[in-house]
Amino acid sequence: MDFNVKKIASGAGVFFTRAVQFTEEKLGQAEKTELDAHFENLMIRADCTKLWTEKIYRQTEVLLQPNPIDHTGARIEEFLYEKLDRKAPSRNTNAELLGHYMQDAAKEFGPGTPYGSTLMEVGECERRLGAAERDFLQTSAISFLTPLRNFLEGDWRTISKERRLLENLRLDLDSCKTRLKKAKAAEARSACDGETAPDFQETRPRNYVLSASASALWSEEVEKAEHELRVAQTEFDRQAEVTRLLLEGISSTHVNHLRCLHEFVEAQAAYYKQCDFHMKELQKELSRLPNAFALSSTHPAAPASEGSPLETDTLKIEEVQAPATGTRKAKVLYDYDAADSSELSLLADELITVYTVPGMDSDWLIGERGNQKGKVPVTYLELLS
């Protein structure tokens, strides 16, 4: 392999010059070209945008895929399919897997049994919840995560590259200013002291033929330093303008991310609305199914006697009296709104007294809370001993 020795030496020289300039600035031995306040504010705003975009992106990934092991595996799978230019297959969510297991168990236990029929209904609900979750994950990934990732992997990388280039050109510019300042100082001393050989270590190593006077050599050195300074200033100004335009584009990034955030909120709201709907439907279905636990936990109902308050179609709650024995405490599992005046509204986690009356539907109990009395659904209760 052929190496361009001059190019390598030139690159090493530039790197050394920048390193010297950077070190002297840190030690306070060299001046530094300061950017204007507006430019500095743009860079601070860009850094802040990158920092918080990255944090929001990572935490949203954790929210959508909370299991670190599954998350890592999913990302590797997506990466492989992306490299193969193929679409990754749709994966079942945890809720969908749970639903499948419940329904398989129901088939084993017998779908006609109370436990089997309940498992079948709950399993179907879990599958619907899982499908809603999968749709939410896909929508969020497309409308929210993808734009954030595109900014971090695209726009921000371009901004970082141009900023590094700007910083290198600024070091070159300040290095040229330092050389020019030293050359002018040496030229002034030469004019005052007469014929004095130039100290080339103050500027940079050069091969000069000392055929002219020291003053002429220093004048030539000043001219060259001024020319290099003009070139460095032009390159720096051009790069500063390019970088400024990229940094000002952060405002457009904020507008885009704002739109994506609204879409994410809409997707999340739709997902939770679906979950609420499916769970309420499941509660209704469970209230219609036979509940062997509730039946075995209560006393057998005696046949309705003549003159019982249950003779009529509508239960007269005010005429129902608590039995001397057979009352139990029950914990409310879910909130329940009474459908009519014969029912008792419930709040989750509260304790009430429940009992049965002769001829009453097995899906219902009479509940009492203080002076309030009414029918309550068995499926909303956990009977305590």
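Predicted model: local features only at pLDDT ≥ 70, side-chain atom pairs only at ≥ 80, totals over all residues.

**Entry 1: strand β2.** I began with strand β2, residues 351-355, and asked how well it is covered. Four of its five residues are buried, so I noted β2 as mostly covered, taking buried to mean under 20% relative accessible area.

Next I looked for the partners of β2. Strand β1 (residues 328-332) runs antiparallel to β2, and four bridges join the two. In this pairing I found K331 standing opposite L351 of β2. Strand β3 (residues 364-369) is also antiparallel to β2, joined by three bridges. Here T353 stands opposite E368 of β3.

**Entry 2: the whole chain.** Then I stepped back to see the order of things. I counted eight helices and five strands. Reading from the N terminus, the order is α-α-α-α-α-α-α-α-β-β-β-β-β. The chain has 385 residues, and 33% of them count as buried. I also checked contacts between residues at least 6 apart in sequence: 68% of them join residues at least 24 apart.

**Entry 3: helix α4.** Helix α4 covers residues 94-109, and at 1.5 Å a residue it should span 22 Å; I find its end C-alpha atoms 22 Å apart, which agrees.

Which residues of α4 are buried? I listed A95, E96, G99, M102, Q103 and A106. Looking down the axis of α4, I see these buried residues fall within an arc of 120 degrees, so they line one face of the helix. A reminder to myself: an α-helix has 3.6 residues a turn, so residues three or four places apart point the same way. On the face of α4 turned away from the buried side I found the exposed residues N94, Y101 and E108. Just after α4, G110 takes a positive phi of about 105 degrees.

**Entry 4: helix α7 and the cysteines.** Helix α7 runs over residues 250-288, which is 39 residues. From first C-alpha to last, α7 reaches 57 Å, close to the 57 Å expected at 1.5 Å a residue. Its buried residues include I250, H257, F264, Y271 and L282, and the cysteines C260 and C275 are also among them.

That sent me looking for disulfides. A disulfide is a covalent bond between the sulfur atoms of two cysteines. Counting pairs of cysteine sulfur atoms within 2.5 Å, I came to zero disulfides. I compared two cysteines by their accessibility. C260 has a relative accessible area of 1%, so I put it down as buried. C48 has 38%, so I put it down as partly exposed.

**Entry 5: T243 and the record.** I picked T243, which lies in helix α6 (residues 214-248). Is T243 buried or exposed? With 1% relative accessibility, T243 counts as buried. Leaving aside residues up to four places away in sequence, I found T243 touching F39, E162, R163 and L166.

Last, I opened the UniProt record. The unreviewed entry lists residues 159-186 and 215-242 as "coiled-coil region". I checked residues 159-186 in the model: the chain there is 100% helix and 0% strand. The end C-alpha atoms of that stretch are 41 Å apart.

Methods:
Residues numbered from 1 in each chain as written. Heavy atoms only, no water. Buried < 20%, exposed > 50% of the residue type's maximum accessible area, 1.4 Å probe, protein only. Contact = heavy atoms within 4.5 Å. Expected span 1.5 Å × (residues − 1). Arc of directions from axis to C-beta. Pairing = 2+ DSSP bridges. UniProt positions renumbered as here; feature names shortened; annotations may be inferred.
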